[in-house]
Amino acid sequence: MLTIFVVVLGIWQYFKSIQIDHESSAKQLYAEYQTLAFENPEMANPSLANVDYDALTFDGDRLKFEKYEWFVSYMETMAEEIFALSKRSDWGHTLQEQLRYHQQYFASKHYESSGYYRNVTPEISELIGRLNPNLRNVQHG
């Protein structure tokens with residue numbers, strides 16, 4: 001009986017350590033994003049800049065708009081990885097708040113016509129869909 005208990009305890013500890021490792025990795029990813037946002041506050045919060053989603057310019061610069069799109073893409077990837085790693089439900093709220101800064105981008109005709117949203121996971125698609133109802137229930141590639 002003691003042997004069974006020890007085996008069960010060992011299995012539980014193994015899976016618990018994996019869960020802790022995944023949560024730690026998720027927190028590290030978010031910390032990396034926070035560092036990037038700190039270094040690029042206008043990309044993290046585009047309301048600090050003059051973004052033209054029709055002319056595809058960021059403070060009048062097309063190259064900066066391209067950089068902004070890569071910033072958003074990084075943020076989406078980070079969010080996908082966090083959802084894949086962590087089972088904590090509060091990440092959804094945290095990530096939704098970060099995505100909300102980019103609501104105008106997600107609602108733009110450019111983003112909608114680009115098809116970028118088709119390449120995100122269903123979890124991220126759901127969060128973006130809350131910001132742009134036109135993108136809800138899309139098929140993913």
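Buried residues, meaning those under 20% relative accessible area with a 1.4 Å probe and only protein chains counted, make up 38% of the 141 residues in this chain. The model is predicted, so local features need pLDDT of at least 70 and side-chain atom pairs count only at pLDDT 80 or more, while totals for chains, interfaces and linings use all residues. Residues are numbered from 1 along each chain as its sequence is written, and side-chain values use heavy atoms, with hydrogens and water left out.

Let's walk along the fold. The chain has 7 helices and 2 strands, where helices are DSSP runs of H or I with at least four residues and strands are runs of E with at least two, numbered from the N terminus. Starting from the N terminus, the order of elements is α-α-β-β-α-α-α-α-α. The radius of gyration, taken over C-alpha atoms, is 19 Å, well over the 14 Å from the globule rule (2.2 Å times the number of residues to the power 0.38), so the chain is more spread out than a compact globule. Its C-alpha atoms fill a box of roughly 70 × 35 × 20 Å along the principal axes.

Now have a look at helix 7, residues 122-131, where Ile124, Ser125, Leu127, Ile128, Gly129 and Leu131 are buried. An α-helix has 3.6 residues a turn, so residues three or four places apart point the same way. The buried residues of helix 7 pack against helix 3 (62-85), helix 4 (90-100), helix 5 (103-107) and helix 6 (109-114), with contact meaning heavy atoms within 4.5 Å. Across the chain, residues 24 or more positions apart account for 58% of the contacts with a separation of 6 or more.

How values were computed:
Buried means under 20% relative accessible area, exposed over 50%, partly exposed in between (1.4 Å probe, protein chains only).
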